[in-house]
Amino acid sequence: MIRFDYARPTEVAEAVRAGAGEHVAYLAGGTNLVDLMKENVARPLEVVDINRLPLDRIEELDGGGLRLGALATNADTAYDERVQARYPLLSSAILAGASAQLRNAATNGGNLNQRTRCYYFYDTDTPCNKRVPGQGCGAIGGVTRVHAILGTSDQCIATHPSDMCVALAALKAQVQVTGPAGDRTIAFEDYHRLPGDEPWRDNTLKAGELVTAIDLPAENFATHHTYLKLRDRLSYAFALVSVAAALRIEDGRIAEARIALGGVAHKPWRRAEAEEAIRNEPPGDKAFDTAARALLAGAKGQGDNDFKIELARRAIVRALGQAAAGTPQSHTDKRIA
Ligand SMILES: Cc1cc2nc3c(=O)[nH]c(=O)nc-3n(C[C@H](O)[C@H](O)[C@H](O)COP(=O)(O)OP(=O)(O)OC[C@H]3O[C@@H](n4cnc5c(N)ncnc54)[C@H](O)[C@@H]3O)c2cc1C
Ligand code: SF4
């Protein structure tokens, strides 16, 4: 048995004090962290259970946005009437992920910070730079069906597994954090990072920092949006490729486009040039293919996952077409209490 200390603070400041040490992990819904601890992948010396912190509300923001508490569950967020009406792209992305039971336990903060699903990361008999810095990467030259085609490094080719985060990237959300040095706001595009030569760092949180909320801006793309997720089976599977597409269409032309990809990189993949390339164009396959090619420029497969490049191109064109037509994918499964 591996021993660890356990704390269950009731105030945020107390949690941050407890989280400031070495080898500390915050515990939210536990749907990822507990699995990692059981598999001996995560070995925290102290677990700070944050479930009693008052961070589970969804609140209006001045200016028309919404603040999603870090401890609001994925289910409560996806089924919140304001999220469903004003941010259907986000609701749809969350409901495309995991299972109803998992979404009832999983929290928004935990979803942002969930670890990769690279097989080698979970297999402690194989080398992994993310698990043990400097150990090597078992995936490079190995089985790479689920791995990245963009933004890889020679130390890590893992992807970020979240669906929710792909929609948050397209919506240009902001992440509110607090920590030993105080509060700060991180633009969503700066929250997750590419592996580079520090693949063990998934995001830009500093030691001891706690996510307290995610802010959604007023601009919501409620009319023209879609979340398209392609995977090996229709539920309870991570994305091979996913697309969050959002358009603002004025006078028959694209006034603004947002496109983010999941399943292809170490972070939700967006490129301003791809979105800019179709501004003022009439919506249609020609423009959508232009955006897809710009977004995928430089994509490189690892062998087993070469198919993702063409799959992603087609998925982007399809998702943008559905968004333009106002016919989003529907994830209609009912809430299970
Ligand atoms: C079988 C299975 C299938 C799944 N399928 C999908 C899927 O298709 N799509 C998808 O998106 N997800 C999927 N998931 C992942 C699931 O969404 C995540 O496990 C969940 O969102 C994590 O949230 P949690 O609250 O349980 O986090 P925890 O497990 O409690 O924590 C996860 C990580 O986040 C850190 N953390 C938690 N909260 C905070 C905070 N507030 N501030 C800083 N750090 C924090 C923890 O320390 C830990 O490192 C699946 C999971 C399972 C088990
Ligand atoms: S791809 Fe990244 S997570 Fe997977 S084995 Fe290599 S270093 Fe580890």
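**Close-up views of a predicted model**

**View 1. F188 and Y191 in helix α10.** Helix α10 spans residues 188-191, and F188 and Y191 sit 3 residues apart in it, so about one helical turn separates them. Helices are DSSP runs of H or I with at least four residues, strands are runs of E with at least two, and both are numbered from the N terminus. The model is predicted: local features need pLDDT of at least 70, side-chain atom pairs count only at pLDDT 80 or more, and totals for chains, interfaces and linings use all residues. Residues are numbered from 1 along each chain as its sequence is written, and side-chain values use heavy atoms, without hydrogens and water. F188 and Y191 are both buried (under 20% relative accessible area, 1.4 Å probe, protein chains only; exposed is over 50%, partly exposed in between).

**View 2. The ring pair.** The ring centres of F188 and Y191 lie 6.4 Å apart with planes at 25 degrees, so the pair is stacked. Rings of Phe, Tyr and Trp (its six-membered ring) pair with centres within 6.5 Å; planes under 30 degrees apart are stacked, over 60 edge-to-face, the rest tilted. The count of aromatic pairs is 3.

**View 3. The open sheet.** Its 3 strands run in the order β9-β10-β11, with antiparallel pairing (at least two DSSP bridges between two strands). β9 and β11 (253-262) are the edge strands, each pairing on one side only. β9 and β10 (residues 241-250) share 7 bridges, with H224 opposite L247 of β10. β10 and β11 are joined by 9 bridges; I249 faces I254 in β11.

**View 4. Strand β9.** In β9 (residues 224-230), 6 of the 7 residues are buried, so the rest of the structure largely encloses the strand.

How values were computed
Chains lettered and ligands numbered in written order.
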